[in-house]
Amino acid sequence: MTVAANSALLTRIENDQALSRYFEWPCDFDVTRREPVEVLHLSSGAPLVPVAGCGTGGTYFLCGEPAAGATGGAADDERPVIYTDSEGHSGLIAHSLREALELIAGIPYWKDCLHLSRAEQARPEADLLEELESDFLDAVPEFDPEQQRAAVRALGIELPERTVLLRRLREALARTLPDYVVHNAEGWPYDSL
C-alpha cells in the first residue's frame, strides 16, 4: 500500500493528472518524489512518513501515527506536516496535511516567507505577501490563477486569505521545538527553517 493510499488528499492528487501537475509545479510538491536525502527521525520518537518531495531535494513528512482507531483516509490528513530541505533545515509547517496543502496551493512561494530580514518580518503581512507574489510572478510568468482555482476545487479545499496562511505558517514554525525537531541517523539535529 502506498503512503498516498492512506490519505484522501494525497490520493486525490495522485489520481488527478492536472492536480498532480499543479502541485508539482509551481507548488514544488511532487507526490512521486518521496525518498528523503537521508534517514531522519523526530526528537519525540514519533515516526516520519514521507509524502512528497521538491525539486531541490526537500521532503514533506506526515508526523506521528494515525489517530487511534483510524483506518486511513481523512483521519491521516489531520497529522502535522514537517518540511525538510536538502541543506539540513526543517520545521513544522502545518498542523495538518489539509493546512499544508492550503499553504502550498495558496502561497506557492511560501518558502520565500522563511528567509526574511527582521525589517521584512516587521512589515504589514499584506504588503509583504504582495511583494513576494510580484517577485514570484516575475520568476514564474506561466503561473495561471485559473489553474490554482481549479486545483483547489479539485482537491476540495477552500483557501483562507493569504495573511491567514502566513500567520498559520509562522505559528506552526514556532511550535517546532521541542517535539518536531528532525535528527539525522547520527543524531545531529537539523537547523530551524
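Predicted model: local features only at pLDDT ≥ 70, side-chain atom pairs only at ≥ 80, totals over all residues.
Colleague: What does E14 form a salt bridge with?

Modeller: E14 forms a salt bridge with R34, and the closest N and O atoms of the two are 3.3 Å apart. R34 belongs to the loop between α2 and β1, while E14 sits in helix α1 (residues 8–15), so the pair ties together parts that are 20 residues apart in sequence.

Colleague: And R34 itself, buried or exposed?

Modeller: R34 is buried, since its relative accessible area is 15%, and that falls under the 20% limit for buried residues.

Colleague: How many salt bridges does a search of the whole structure find?

Modeller: The search finds ten salt bridges. One of them joins R162 to E133, with the closest N and O atoms 2.9 Å apart. Here R162 lies in helix α7 (residues 162–174) and E133 in helix α5 (residues 125–139), so this pair ties together parts that are 29 residues apart in sequence.

Colleague: How accessible are R162 and E133?

Modeller: R162 counts as partly exposed at 26% relative accessibility, and E133 also counts as partly exposed, at 28%.

Colleague: What about R153, which residue does it form a salt bridge with?

Modeller: R153 forms a salt bridge with E146, and their closest N and O atoms are 3.1 Å apart. R153 is exposed, with a relative accessible area of 55%, whereas E146 counts as partly exposed at 34% relative accessibility.

Colleague: Which residues are linked in a network of salt bridges?

Modeller: That network links E125, R167 and R170.

Colleague: Changing topic to the sheet, what is the order of its strands?

Modeller: It is an open sheet of five strands in the order β2-β3-β4-β5-β7, and the pairing is mixed. The edges are taken by β2 (48–53) and β7 (191–192), each of which has a single partner strand, so one side of each is left without a neighbour in the sheet.

Colleague: In what sense do β3 and β4 pair?

Modeller: Strand β3 (residues 59–63) and strand β4 (residues 81–84) pair in the antiparallel sense, over four bridges. Within that pairing, F61 has I82 in β4 as its bridge partner, and T59 has T84 in β4 as its partner.

Colleague: And on to β5, how many bridges join it to β4?

Modeller: Four bridges join β4 to β5, and these two strands run antiparallel. T84 stands opposite S90 in β5. The hairpin of β4 and β5 has four residues between the strands, and in that hairpin G88 takes a positive phi near 90°.

Colleague: Which way do the residues of β4 point?

Modeller: V81 and Y83 point one way from β4, I82 and T84 point the other way, and all are buried.

Colleague: Why can α3 be called largely enclosed by the rest of the structure?

Modeller: Eight of the ten residues of helix α3 (residues 97–106) are buried, and that is why it is described as largely enclosed by the rest of the structure. The buried residues are L97, A100, L101, E102, L103, I104, A105 and G106.

Colleague: Now the rings, how many aromatic pairs does the search find?

Modeller: A search of the whole structure finds eight aromatic pairs. Among them, Y22 and F23 are edge-to-face, at 5.6 Å centre to centre with 85° between the planes. F23 also forms an edge-to-face pair with F29, at 6.1 Å centre to centre and 70° between the planes. Both Y22 and F23 are buried, and F29 is buried as well.

Colleague: Which residues do the ring pairs link into a cluster?

Modeller: The cluster consists of Y22, F23, F29, Y60, Y83 and W110, linked by ring pairs.

Colleague: Last one, where is D30 found, and what is it in contact with beyond its neighbours in sequence?

Modeller: D30 is found in the loop between α2 (17–24) and β1 (40–42), and it counts as buried at 7% relative accessibility. Leaving aside its neighbours within four places in sequence, D30 is in contact with E24, A52 and G53.

Methods:
Residues numbered from 1 in each chain as written. Heavy atoms only, no water. Phe/Tyr/Trp six-rings, centres within 6.5 Å; stacked < 30°, edge-to-face > 60°. Buried < 20%, exposed > 50% of the residue type's maximum accessible area, 1.4 Å probe, protein only. Contact = heavy atoms within 4.5 Å. Salt bridge = Lys/Arg side-chain N within 4 Å of Asp/Glu carboxyl O. Pairing = 2+ DSSP bridges.
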